[in-house]
Amino acid sequence: MALIETHNLTKRFEKLTAVRKLNLKINEGEIFGLLGPNGAGKTTTLSMLATLIPPTDGWAKVNGFDVAKQASQVRHSIGFVFQDPSSDDLLTGRENLYLHALMYGVDMRDINKKMDEVLKLVDLTERQHERMKKYSGGMRRRLELARGLLHEPKILFLDEPTLGLDPQTREHLWKYIKKLSTEKKVTIIITTHYMEEADMLCDRVAIIDHGKVVALDTPSDLKKRLGGDVVNLKVRNPNVVAVRKLRYVKNIKVADGFVTLTVNDAGRHLQEIFKKIGNVESVESRSPTLNDVFLHYTGSEIRESGEEGGHFERMMHSGNR
Amino acid sequence: MSELNGLYALWYREFKVFLRERSRIVSSLVQPLMWLVIFGTGLGASIELGGAASGLDYQQFIFPGILCMTVLFGSLFFGLYIIMDKRVDFLKEVLVAPLTRTTIFFGKVLGGGTDGIVQITMLVILGAAFFGIHFTLYSIVMTYVIISLLLVSITSLGLAIGAVMSSPEGFGLISSFVIFPLFFLSGALFPVSNLPSWLYVFVSLNPVSYAVDALRTVILGIGSFGLGTDLLVLVGFAIIMVLIGTEAFKRMQI
């Protein structure tokens, strides 16, 4: 069953269409990744699904409820871990959880039990009575993850959950996210532009660019779709024409004396490529990563939008005043 | 039920934070005390109050006005915290909760109002102990009624400004255009009975004047507008400000 469904979901700001005709179906229990370059519309999509901003056009249903007409029911069904800090520094971790539990209508009799449970899940039981000021970035994220689960939502939105964290903390956090998915059976929608993160965590990913889905599949199928292994050759004066005729070679790129090919079953065909292409000085062959997939679909030019969408939207709003 | 819990949660946060920010409590008392001690003593040394106020110290005379000033400065700036919450994602966390905007607004008003009550209580104690203000049960109860009405109004006004602004600098600019006229035109520092008519018009159009007048009536036994009129104006002011604030919260975009 599709737990989240969007139909031609569109959001226009004054001058810009942030999301255009987005059609998605996200199934119960999966970890679904929204990937895209900065400003691709990921955060805007999430904000619409969470009823924070209304869609300009189209519709979206979350847990069977329409985001525009049944906002309250939608909000009861979801948890949200925001990109920027969203807890009060002067309160302790536990107090921040308590606030959340009250606001989300958790039954008073269960509050303490549930807080203990989620704190344990993210290993913060021992630090729960410290003010959040003293928390590290990773601990803060973990607390906010735990908080998102407190009211037992069916769906949890994670907006760039590991942005700005060091590699160790990120891997640590992935472990927790996996744990939430398996132990709590919660459906997770995650936005990120870290490809290894998506590869590691997500059952399916949608690559979004300019507000549209450009590819949607499991990470391994997306990689397979590239059609083989990525082969990097250092060749002086490569004979590209000869190589192009080989039917198992795709996506030929030549740059700075290097030729990058996508080769179907590279192990078997490498010899033949060597013969045709000319004097090979070095070779590197690897399976494609999600990064290759991402660059394939979104192009490799540098985006000038600076920070992530949230920042951009904030600028839009200050412009609106 | 869950709306009530939400209301309690929002109040709980504001009040806990207020109690933990000691500097905020101290600084909220410094200004009124400077007015009472320095301005009150300094100007009081060379003026003699006439009319109904004759026989009163100038310090005693401005005490009700200083209470109103404390509410003005403290509560209007309470709206600034909304802007701080907007700068990070705390406000989103609140807005995405299954609570109506009206509940969120009233939670904030309650939180801000409680902060104000704490500040006023400290000033009332200091006033009774050091500034020769005599409180009776009646005047204490009435003081809290009047102060509460003013707190609700000014907190709502601050929140409404905070809801539509997105930068602290902008908030500061707007609020100083609001605070200073409201304060100086309230008769907090001078009797309104002998004013030139142009100034009297402005004073009588300022809702805060009625809070000052009401407090003077119940604490010192001198007033100009009549307590009934004062209370009527204050209730009306509170209702209008609450309506404006609720509407601003409903329209607030994140």
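Predicted model: local features only at pLDDT ≥ 70, side-chain atom pairs only at ≥ 80, totals over all residues.
**Dimensions.** Next I looked at the extent of the C-alpha trace of chain A, which spans about 75 × 45 × 40 Å along its principal axes.

**Burial and contacts.** How many residues does chain A have, and what share of them is buried? I found 321 residues, with buried ones making up 40%. I then turned to the contacts in chain A with a separation of 6 or more, and noted that 71% of them join residues 24 or more positions apart.

**Confidence.** I checked the pLDDT of chain A: the average is 84, and 93% of the residues score at least 70.

**The largest nonpolar core.** Which residues touch the most other members of this core? I listed Ala146(A) and Phe157(A) from chain A, and Cys68(B), Leu150(B), Ala211(B) and Leu234(B) from chain B, in a core of 136 residues. Its largest share, 12 residues, comes from helix α7 of chain B, residues 137-164. Apart from this core I found another, of 10 residues, including Val235(A), Val249(A), Leu261(A) and Ile273(A). As a reminder to myself, nonpolar side chains tend to be buried together in soluble globular proteins.

**A closer look at Ala146(A).** Leaving out residues up to four places away in sequence, I saw that Ala146(A) touches Leu97(A), Val118(A), Leu119(A), Leu121(A), Val122(A) and Leu124(A).

Technical notes
Residues numbered from 1 in each chain as written. Chains lettered and ligands numbered in written order. Core = buried A, V, L, I, M, F, W, Y, C linked by C-beta atoms within 7 Å. Buried ≥ 20, exposed ≤ 12 C-beta atoms within 10 Å, placed from the backbone. Helix = DSSP H or I, 4+ residues; strand = E, 2+ residues; numbered from the N terminus. Contact = placed C-beta atoms within 7 Å. pLDDT = per-residue confidence, 0-100.
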